[in-house]
Amino acid sequence: MTKMPLPQEMARMYDAAAIEQPLYHWWMERGDFKPRIDPAQKPFVISMPPPNVTGALHLGHAIIASIEDAMIRYHRLHGRPTLWVPGSDHAGIATQNVVERELAKEGLTRHDLGREKFVERVWQWKEVYHRRITEQHYALGVSCDWDRERFTMDEGLSRAVREAFVQLYEDGLIYRGSYLVNWCPRCGTAISDLEVEHEDEQAHLWYVRYWTADRSRSITVATTRPETILGDTAVAVHPEDERYADLVGLEVVLPVIGRAIPIVADEAVDRAFGTGAVKITPAHDPVDYEVGQRHGLPSINVMNDDMTMNAEAGPYVGQDRFDCRRNLVADIEALGDLIKIQDLSHAVGHCQRCNTIVEPRISKQWFVKTAPLAEEALAAVNDGRIRIVPERFARVYANWMENIRDWCISRQLWWGHRIPVWYCADCGAELCAREDPTTCAKCGGRALEQDPDVLDTWFSSGLWPFSTLGWPDQTPDLDYFYPTSVLETGYDILFFWVARMIMMGLRMTGQVPFDTVYLHGLIRNEDGKKISKSLPNAESYDPLNIIREYGQDALRYTLLTGSTPGNDMKLSLGRVESNRNFGNKLWQAARFVLGNLGDQSAAFTPPASVDPATLDDVADRWIVSRFHGLVGEVDRLFEAYQIGEAGRQIYEFIWGEYCDWYIEMTKVRLRGDGGSAAEQALQALVYVLDGCLKLLHPYMPFVTEAIWQYLPHHGEALIVADWPAGGAQDAEAEADLAALMELVRAIRNVRSEYEVEASRRIGAVVVAGERLALVESQREAFLQLARIDPAQLTLVTGLAEHPERAVSLVVAGFECYLPLAALVDLDVERERIGKQLAELASEIARSEKLLGNAGFVAKAPEAVVERERVKLGDLRERRAKLDNRQQALS
């Protein structure tokens, strides 16, 4: 067994840098990340969203790692067989783009290398960056089973991709045809609708006049893309638009090139746009494509793959699309047919990968018929087999599925899964095969050429939950671990990935791939801005830099408790620092407990559960009862996927109740000469701390494991220990201590208000009524917590006369009187308050004069006037408080 990588003595301060990675490798070497298979139990399984092998991990990966690792550790502590499958994605377009940029630095293109050598180069690059990503995942603390790591282009997954393609092809759900697609000229490939991001841009609307051949009639159209005029095959108007009723059926002539095109009527036309007449270019616009299909119009593609104009563009052949735009507009203006140019803000489609403006164009591509697949996938969510968290995204999912379009799955790339279709040069046959064919199945010829395109990356990713477990083979892993439990990812890829996994899982396995989809939001900076390399302090948001500065526990706790399902979060580095301090607070609490255990540590190994009724001291009963309530609440919240709220409640209990109250209460007993009271305090301290470490472990695994190793415990590692059992609660003890704590807080507030030094003890008269025995039993703790002078404390059940010159408090069933003479020097305090009142009077007069000035109120910005009114209200409130205090002193 590998030795535990911790010093024998607990250090004064928690050192994340010295502890986290040694602990991680200790867990890994012990095999703690591997599932303990129990055929009698249903396993908990997550397939890690595979990061692209395109460089460093970012905060998006960090929140995925944090949420999924929290789920995995939670279920592992509950004793369930738990598997987290890691892996990475070949990321076709993204990876090819990165490697092509590297080649460009050497003055080379992929065409200089050729397909085979280029793919070899990408594999070399993948090996380097895959290792880097794996090491970064280690730094993020992910407890996944690295022996089951997969890559979307490894041998097994490549076979799964081919099997899925062939099945869909044989079922008639994959076809090839010439259709309108989104074309990225930079990437040189078709991309799906989901890979197009629309950005609002300032542009122009050109109004161009088209004449009939005899120039007796004309019609004016408005367009944002004049260069596509060269591909127009009609002008369309709305059938109910009376302005153009007599023109429908006529032909007009395209400016410059002189091709005659018809005027048609179609309901797709928006009568309010431009002139109400629109040019129809079926080869370069999705709406126009549909209009062209309805009216049997030809589709004329006027652009090459690189977006230069082709021979169909006539005199503009060879020009870039935007150069063509300028030149064509100038020529139309010279003809006198450019009516006007209007400024316009509209959404322009850009490639998600490289931000190049996308061009819709006709191209021969491979498609999946998605309607039959979407129908099953929609039913799986509607009938409850799959739950989407948060629920509102189920409606978004349904809307998309009900309006789904066929999926363009071919990409004009070299890196990726090559389409398993071959063409016979001898007979023209098209062959789709699971194994590479050597002869044509139709004619026996050997002149076979494989389709040059590769599959969309999301095709292989859509198989991820079951291909990683061995599909298409019926492996033991597939049999036991599939369907998986939770698919956790960002809401931004609900359609890219989640929907496609559901469609493919149902089609290929007959089962849903997971029963729950958990969607997290995006991480933004403190100002709510998207974190990108262009931000001035972008490096400070690099998760590895944050970990180096504050530790992995602090980052992941911040991400987990600062986010809610489906909502974006603002990441504050100040909050990360505060959560590092929380880890240190926990460390110091543990050092306090260990310091009091001394040599008798083994005698205080915590039991599975403690009944608070067996404890003598009400403070012990209170903390155990509160802890048991916390266990139940954390379980409830975690099972409801309110992971952040569960983590916040753990924090509040540890810091706000265990450390700030209970430890302080036990110090009185532990400073004594031992005995059963001290022994019971130690038992409760260890029991609750042990349980808190288990509750907090999914959020802060490193500091909790390190502390647990120093405490008396059962087992060898916290990561595989038993989740707290919880137990009975004591409502009376909780009510009693809540009342006592409220009294102490009230006294502390008065001390703060009167600026009494922390070290100074004051007097108090406490009328406790029926809770007199409670205060007497906690007398020493009360004296310590409220900083009361033992000689000046009076505890009574009732009081005939109220003390004079005392601050009176009525709180939680107590009356409490704090003699002013014990709080302050009365003469000095009167003088101080008098000075403050004089200063306030001057400020109030100035503010009242300003607000009484009609010119200021009328001319100053409304926000400035309102700010002054609020200021005046605050000043008057402060004066009233000081008047009351002055009165009390008199």
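Visitor: How many salt bridges does a search of the whole structure find?

Guide: Side chains of opposite charge can pair when their charged atoms come close. A salt bridge here is a side-chain nitrogen of Lys or Arg within 4 Å of a carboxyl oxygen of Asp or Glu. The search of the whole structure gives 53 of them. This is a predicted model, in which local features need pLDDT of at least 70 and side-chain atom pairs count only at pLDDT 80 or more, while totals for chains, interfaces and linings use all residues. Residues are numbered from 1 along each chain as its sequence is written, and side-chain values use heavy atoms, with hydrogens and water left out.

Visitor: Which residue forms a salt bridge with Glu170?

Guide: Arg434 does, with the closest N and O atoms 3.2 Å apart. The two come from distant parts of the chain, 264 residues apart: Glu170 is in helix H6 (residues 155-170), and Arg434 is in the loop between strand S19 (430-432) and strand S20 (448-450). Helices (H or I, at least four residues) and strands (E, at least two) are DSSP runs, numbered from the N terminus.

Visitor: Are Arg243 and Asp241 buried or exposed?

Guide: Buried means under 20% relative accessible area, exposed over 50%, and partly exposed in between (1.4 Å probe, protein chains only). Asp241 is buried at 5%, and Arg243 is partly exposed at 47%. Their side chains form a salt bridge with an N to O distance of 2.7 Å.

Visitor: What does the salt bridge of Asp736 and Arg771 tie together?

Guide: The side chains of Asp736 and Arg771 meet at 3.1 Å, N to O. Asp736 lies in helix H22 (residues 731-753) and Arg771 in the loop between strand S26 (762-767) and helix H23 (772-777), so the pair ties together parts that are 35 residues apart in sequence. Asp736 is buried at 16%, whereas Arg771 is partly exposed at 22%. Elsewhere, salt bridges with shared partners join Lys34, Asp145, Asp147, Arg148 and Asp477 into one network.

Visitor: At what angle do the axes of helix H15 and helix H16 cross?

Guide: Two packed helices are described by the angle between their axes and the distance between the axes. Axes are lines fitted to C-alpha atoms, for helices over the stretch in contact, and angles run from 0 to 180 degrees between N-to-C directions. The axes of H15 (residues 543-550) and H16 (residues 552-561) cross at roughly 120° and come within 7 Å. H15 is therefore oblique to H16; angles under 35 degrees count as roughly parallel, over 145 as roughly antiparallel, 65 to 115 as roughly perpendicular and the rest as oblique.

Visitor: Which residues of H15 and H16 make the contact?

Guide: With contact meaning heavy atoms within 4.5 Å, H15 contributes Pro543, Ile546, Ile547 and Tyr550, and H16 contributes Gln552, Ala554 and Leu555. In H16, 10 of its 10 residues are buried.

Visitor: In what order do the strands of the open sheet with S14 run?

Guide: Two strands pair if DSSP finds at least two bridges between them. The order is S6-S5-S14-S16, with antiparallel pairing. Strand S6 (189-191) and strand S16 (407-408) stand at the edges with a single partner strand each, so one side of each has no neighbour in the sheet. Strand S14 (residues 359-368) pairs with S16 over two bridges, and Val368 has Trp407 as its bridge partner in S16.
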